[in-house]
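The sequence and the structure are shown first, and the description follows.

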Amino acid sequence: MSAPPTARLPRVDQLNPRQQMAIDCARCSRRLGMVGRVWGEARYRGRLFRLWVCVPECPPPVVGGTP
Ligand SMILES: [Zn+2]
């Protein structure tokens, strides 16, 4: 995990408003609640958005639903 945190940020205009406002995780769209970490900052239309993601990592996607 040595890559710079801003290397793979999504485009701000591809996020939904809840992700832009740091309510939901910018990577997996889960509700952050009281915990989260700064993923990086992205500039969009002259504004600086701080993107937040899950702590410590986004949960793995559920494939195939519940067993
Ligand atoms: Zn997440």
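Which residues does Ala-26 touch, not counting residues up to four places away in sequence? Ala-26 touches Pro-10, Leu-15, Gln-19, Trp-39, Leu-51, Trp-52 and Val-53. Two residues are in contact if their C-beta atoms, placed from the backbone, lie within 7 Å.

## Basis of the model

This is a predicted model, in which local features need pLDDT of at least 70, side-chain atom pairs count only at pLDDT 80 or more, and totals for chains, interfaces and linings use all residues. Residues are numbered from 1 along each chain as its sequence is written.

The pLDDT is the predictor's confidence in each residue, from 0 to 100. The protein has an average pLDDT of 87, and 85% of the residues score at least 70.

## Overall architecture

The secondary structure consists of 1 helix and 2 strands, and along the sequence the pattern is α-β-β. Helices (H or I, at least four residues) and strands (E, at least two) are DSSP runs, numbered from the N terminus.

Of the contacts with a separation of 6 or more, 43% are between residues 24 or more positions apart. The protein has 67 residues, of which 15% count as buried. A residue is buried if 20 or more other C-beta atoms lie within 10 Å of its own, exposed if 12 or fewer, and partly exposed in between, with C-beta atoms placed from the backbone.

## The strand pair

Strands S1 and S2 run antiparallel and are joined by 7 bridges; two strands pair if DSSP finds at least two bridges between them. Together S1 and S2 form a hairpin with 2 residues between them. Two of the facing positions can be named: Val-38 stands opposite Trp-52 in S2, and Tyr-44 stands opposite Arg-47 in S2.

Gly-40 is a residue of strand S1. Gly-40 counts as partly exposed because it has 17 C-beta neighbours inside 10 Å. Gly-40 and Leu-51 are 11 residues apart along the chain, and their C-alpha atoms are separated by 5.6 Å.

## The nonpolar core

A nonpolar core is a set of buried Ala, Val, Leu, Ile, Met, Phe, Trp, Tyr and Cys residues joined through C-beta atoms within 7 Å. In this protein the largest such core has 8 residues: Leu-15, Cys-25, Ala-26, Trp-39, Leu-51, Trp-52, Val-53 and Cys-54. Strand S2 (residues 47–53) gives the most to this core, with 3 residues. In soluble globular proteins, nonpolar side chains tend to be buried together.

Ala-26, a member of this core, has its place in the loop between H1 and S1. Ala-26 is classed as buried because 28 other C-beta atoms lie within 10 Å. Between Ala-26 and Asn-16, 10 residues apart in sequence, the C-alpha to C-alpha distance is 8.6 Å.

## Backbone features

Most residues other than glycine have a negative phi, and most peptide bonds are trans. Ala-22, in the loop between H1 and S1, has a positive phi near 65°. Ala-22 is partly exposed because 17 other C-beta atoms lie within 10 Å.

Arg-45 lies in the loop between S1 and S2 and has a phi near 50°, also a positive value in a residue other than glycine. Arg-45 counts as exposed because it has 7 C-beta neighbours inside 10 Å. The C-alpha atoms of Arg-45 and Val-12 are separated by 9.4 Å, and these residues are 33 positions apart along the chain. In the segment after S2 is Pro-56, which is joined to Val-55 by a cis peptide bond with omega about -5°.
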